Amino acid sequence: MALSSVATEARSVTKIYGSGANQVKAIDDVSFSVRRGEFVALVGPSGSGKTTMLAMLAGLLEPSSGSVLIEDEDMLKMGEGRRAAFRRRRIGFTFQANNLVSYLTALENVELMLRLTDQHDQANRQRAQNLLAMLGLEDRMHALPRELSGGQQQRVAIARSLINNPAVVLADEPTASLDTERAFQVVETMAHLVHEQGRAGIMVTHDLRMVDYTDRIIHLLDGRLERIVTPDDDLTCLADPAACQLITEDALSSGGSEVAEAVS
Amino acid sequence: MSTAFYLALKETWRNKSRFLLFSLVIALITLLILFIAALGEGLGAGNREYLENLNAELVVYQDTAQLSIASSRIGCQTRDALRAVNGVEDVGAVGFSSVSIPEADAGEDLDISLIGVEPGKPGEPPAVAGQGLERRSANEALIDRMVAEVSGLQVGDRFNIRSPQGGEEEFYLLKVVGVTESQMYGIRPSVFVPIVKWDEVRPQAAPSGGAEDPACNVAAIKLRNPAEIDVMRQRLAAQVRNIEAVDRQTAYENTPGYSAQQQTLNTQNGFALLIGLLVIGGFFQIQTLQKVPQIGMLKAIGTPNTIIALSSLIQIVVINVIGIFIGGLVTYGLSLVFPPGIPLVFESSAILRALGSILVIGPLGGLVSIRLSLRVEPLIALGLGG
């Protein structure tokens, strides 16, 4: 794997909340990398540290030790202002809920990213419209979030996360509030755009049905990297971690040597 | 900056019913504050107009009166002594009392300040219609424009005043020779009569018939050089016994109840502003609390704090300005329909001060909500922190 193809990388990341007797290790020495054009699922049961890991990948949370790189840049070495600027230019976000600005239409929500990065010109506005149309929202561009279904809102959020051509697209449980059919549609769309546009996509999910659209699955358990597998592997381990002790060899070769280091 | 404007105006426009409703609340606060300001100005003017507009630089009291006009007596000899002081241009005797004009105000008695002055001397206000007073003892009167408006009296008309003399009420017939303006005293419109006539008709324990050179309450001193007020005050005090000379402002600030009244109105004004501050602060605080998840999301996607803070500030200012505009318009409309007897004066500097203070309390009240929005953690968008 060429270095330049790595979009984001976690290196021996540990996150400890609290201090003294109240210390909780939310993430314990986790390492992995995600390449451009790769869509990865971050899975694990509640409390396994998925969202904490995502927050550190986004530069919203500082690791207690280790580092997170986006396009070889360590956001923690940046000041707060530069980090926010880096986030709006190089990271796309989709959240579980409250994804959109309630008083902006679908198109205005997407265009907001262009305004925040001083790219709000005619050509980019057209690109925002095209992106929404590609996501099947050509008739809903001027609708306010409250006039959109949950699935439509998530698709608008996906469009917003991609409009600035980010290096990494992060999604936190994007299907949590959707019915199964819409959930599959949203993940499929996200996977398609990540692959087509060559972004690195990382999706936190607890719904193992959604991992079919991903290239790799990073399994966290109690803050540790339990295993990295592909959707073609036997996923029984994800549903019942105690039954599996070994990391899938395929995943190791795909995920890089850090994984072996992390779990050895 | 433009994105902050964009977010602020979009949110305001897309939630216009809610924000208009709040603008109306600000309009009501504006109305209240403007009316308190107008009342303060009106009552203040009603107390001080005559002394403020006096055609003299100094007002001389009896030294033991402690600047109380009602307690002060300045006799003829004292006035002569004042006239003799170098630098004094002229001296006028001024006497104050309260009487009424029967059935002058839509069938009701009109209470007036009856002010005795020496014709042609300091203390007599200029006539804007008709002419000034001519003779020291004539039954002539110079009436304030407000008396003319309320009673319908015109130059040449005759009218009675009612004045208690001993245990009896006496009526005295006066002729309007002129109309003056802006001469309220004691929150009553004024009627000026020659000092000898005043001494005859003023309320007293027993009818006096009027002295040829009566004692008055104060003397109005016109100086040769109006810039020498302080020097002349000292010179008068040094050369004339038993007097205290003050400038016009000190004189009206010491009229009965003036300072207490202004302090009361200032306190009311302060409380109205405080209530406005709390109401505006509370509204935007609730508004921000409702938006915490959205603010967290905006920060998570990289929106700078400056845009979030500026957007809140712009929104507060816009809603405040709309509220002030509506409140100002309503106040103006109401001011047009108020009858002249009500002491409301919409004086531009007082109104601008009031409007300025409301403009300031908006952002000030909103500071707490802006601080709150700045403290929202972007992690909240991921369900962490907060």
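Domain bounds are taken from an automatic or database domain assignment. For chain B this assignment gives domain 1 (2-48 + 259-382) and domain 2 (49-255). The model is predicted, so local features need pLDDT of at least 70 and side-chain atom pairs count only at pLDDT 80 or more, while totals for chains, interfaces and linings use all residues. Residues are numbered from 1 along each chain as its sequence is written, and chains are lettered from A in the order in which they are written.

The C-alpha centres of domain 1 and domain 2 of chain B are 46 Å apart. Nine residues from domain 1 of chain B and 12 residues from domain 2 of chain B make up the contact between them, two residues being in contact if their C-beta atoms, placed from the backbone, lie within 7 Å. On the domain 1 side, helix α2 (residues 16-52) of chain B gives the most, with five residues; helices are DSSP runs (H or I, at least four residues) numbered from the N terminus.

Chain B also touches chain A, through 21 residues from chain B and 24 residues from chain A. On the chain B side, α1 (2-14) and α8 (258-300) each supply at least two residues.

The largest nonpolar core has 90 residues, and Leu42(A), Leu54(A), Val110(A), Leu170(A) and Ile202(A) have the most contacts inside it. Such a core is a set of buried Ala, Val, Leu, Ile, Met, Phe, Trp, Tyr and Cys residues joined through C-beta atoms within 7 Å, buried meaning that 20 or more other C-beta atoms lie within 10 Å of the residue's own, with C-beta atoms placed from the backbone. Beyond neighbours within four places in sequence, the contacts of Leu170(A) include Leu54(A), Phe93(A) and Ile202(A). A second, separate core of 89 residues includes Phe22(B) and Leu344(B).

How values were computed
A residue is buried if 20 or more other C-beta atoms lie within 10 Å of its own, exposed if 12 or fewer, and partly exposed in between; C-beta atoms are placed from the backbone.
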